[in-house]
Amino acid sequence: MHTEIFARIDEKGAGLVRVFGVVLVTLVIVALAPGLVLAQEQADDRQYETEARAALEEYFLAWNAADNDAVAAISNFPRLTLGQNGLVVVRASAEEIFVDFEVLRQSGWDHSTLDLAEAVHVSQEKVHFRVVYTRYAADGRPYITAPGLYVMTRQDGHWGLQLQSVLPPTFTRP
């Protein structure tokens, strides 16, 4: 009789241990899940930032090559430019992209460098970069450094420059 009572207690105890184990595992999963989701979101953000940064660097390569077609190819539309004086330029299509690089060269420009590109906001479809760029003359001397905000967007899987806002220069050489 005592063995039968202890057998029932053991069965109930084992059942309680199984229930406790399931509850414990569930609590651990619930406690860790937000951290796992956050880690995945951070990994995704790094991927979006990396892809957008590559497009931004490609834009500067196209600019330095004085290649309007390449500049248009690395743009998304409509493309907006907010100038230093508040001028807003909207280009609806790639055909509207045109920079007169010859006039730019006559003003002293030879090439530009992207000195800073800090991602300040990142999402799956858009990355805002705080940028600083410098323009250089043919003799290698910098003649203007300016900050700005470049917004890279992803349209149909293509990362491109969609908004460019440039502030007044922080450095100019007379």
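Residues 24 or more positions apart account for 53% of the contacts with a separation of 6 or more in the protein chain, a contact being a pair with heavy atoms within 4.5 Å. The structure is a predicted model, in which local features need pLDDT of at least 70 and side-chain atom pairs count only at pLDDT 80 or more, while totals for chains, interfaces and linings use all residues. Residues are numbered from 1 along each chain as its sequence is written, and side-chain values use heavy atoms, with hydrogens and water left out.

The protein chain contains 3 helices and 7 strands; helices (H or I, at least four residues) and strands (E, at least two) are DSSP runs, numbered from the N terminus. Their order from the N terminus is α-α-β-β-α-β-β-β-β-β. Of the 174 residues, 29% are buried, where buried means under 20% relative accessible area, exposed over 50%, and partly exposed in between (1.4 Å probe, protein chains only). The chain exposes about 10900 Å², of which carbon and sulfur atoms supply 62%; accessible areas come from the Shrake-Rupley method with a 1.4 Å probe, and for residues only the protein chains shown count as cover.

The largest nonpolar core has 31 residues, and those that touch the most other members are L56, Y59, W63, F129, Y150, M152 and W159. Such a core is a set of buried Ala, Val, Leu, Ile, Met, Phe, Trp, Tyr and Cys residues joined through side-chain atoms within 4.5 Å. At least two residues of this core come from each of α1 (2-64), α2 (68-73), α3 (101-106), β4 (126-136), β5 (142-155) and β6 (158-166). Helix α1 gives the most, with 8 residues. Leaving aside residues up to four places away in sequence, Y150 touches L56, Y59, F60, V127, H128, F129, V131, Y133, L161, L163, Q164 and V166.

The largest pocket has a volume of about 590 Å³. On a 1 Å grid over the protein atoms alone, a pocket is an open set of points where a 1.4 Å probe fits, with protein on both sides within 12 Å along at least five of seven lines, and lining residues have an atom within 4 Å of a point. Grid points are joined across faces, edges and corners, and the volume is the space filled by probe spheres set on the points. The lining of this pocket comprises 24 residues, with W63, T81, R135, Q164 and V166 nearest the centre. Two or more lining residues are given by each of α1, β1 (75-82), β2 (88-91), β4, β5 and β6. By class, 15 lining residues are nonpolar, 6 polar and 3 charged; Ala, Val, Leu, Ile, Met, Phe, Trp, Tyr, Cys and Pro count as nonpolar, Asp, Glu, Lys and Arg as charged, and the others, Gly among them, as polar.

Q164, one of the residues nearest the centre of the pocket, lies in strand β6 and is buried, with a relative accessible area of 10%. Beyond four places in sequence, Q164 touches Y59, R79, L80, T81, L82, L149 and Y150. The C-alpha atoms of Q164 and V151 are separated by 6.4 Å, although these residues are 13 residues apart along the chain.

Two further residues were examined in loops. W109, in the loop between α3 and β3 (111-122), is buried at a relative accessible area of 2%. Apart from neighbours within four places in sequence, W109 is in contact with W63, N64, F101, L104, R135, Y136 and Y143. W109 and N64 are 45 residues apart in sequence and 9.8 Å apart in space, C-alpha to C-alpha. A94, by contrast, is partly exposed at 32% relative accessibility and lies in the loop between β2 and α3. Residues up to four places away aside, A94 touches A72 and F77.

Most residues other than glycine have a negative phi, and most peptide bonds are trans. A cis peptide bond, with omega of about 0°, joins F77 and P78; P78 is placed in strand β1. A66, which is not a glycine, has a positive phi of about 55°. This residue is found in the loop between α1 and α2 and is partly exposed, at 25% relative accessibility. D156, also not a glycine, has a positive phi of about 50°. D156 is located in the loop between β5 and β6 and counts as exposed, at 87% relative accessibility.
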